[in-house]
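Subject: Structure handover

Hello,

Please find the structure below. My notes on it follow.

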Amino acid sequence: MGQSLAVDTDEVHERIVTGVATLEDIDPLSLPPLFEAVDPDALAAIFATTESGERRAGRIGFSYADHEITVEFDQRDDPIVTID
């Protein structure tokens, strides 16, 4: 079962933890720290707007709490977090 969430760049790490907790039907605080899978600050920075104000595009994937996480950004839409 997967879940996709449209999210704000600043909230990507929070949405990952909340999404996994929702899929597992557990309290987010019972999950392992996200920083054990990926650096949350680096994750947000990768897809932040450039100094010229343009949006970046890209995709990153990693494992977290027995789920495959994908974060995709393009220059038109808000970032999408997919949890499988």
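In which strand is the place of Thr82? Thr82 sits in strand E4, residues 80-83. Strands here are DSSP runs of E with at least two residues, and they are numbered from the N terminus.

Before the rest, a word on the source. The model is predicted, with local features needing pLDDT of at least 70 and side-chain atom pairs counting only at pLDDT 80 or more, while totals for chains, interfaces and linings use all residues. Residues are numbered from 1 along each chain as its sequence is written, and side-chain values use heavy atoms, with hydrogens and water left out.

E4 pairs with E3 in the antiparallel sense over 4 bridges; two strands pair if DSSP finds at least two bridges between them. The two form a hairpin with 6 residues between them, and Glu72 has Ile80 in E4 as its bridge partner.

E3 (residues 67-73) also pairs with E2 (residues 58-64), antiparallel and over 7 bridges. That hairpin has 2 residues between its strands, and Ala65 in the turn has a positive phi of about 50°. Phe62 is opposite Ile69 in E3.

Thr70 lies in E3. Apart from neighbours within four places in sequence, Thr70 is in contact (heavy atoms within 4.5 Å) with Arg59, Ile60, Gly61, Ile80, Val81 and Thr82.

Thr70 is buried at 15% relative accessible area, and Thr82 is buried at 16%. Buried means under 20% relative accessible area, with a 1.4 Å probe and protein chains only.

Regards

How values were computed. Buried means under 20% relative accessible area, exposed over 50%, partly exposed in between (1.4 Å probe, protein chains only).
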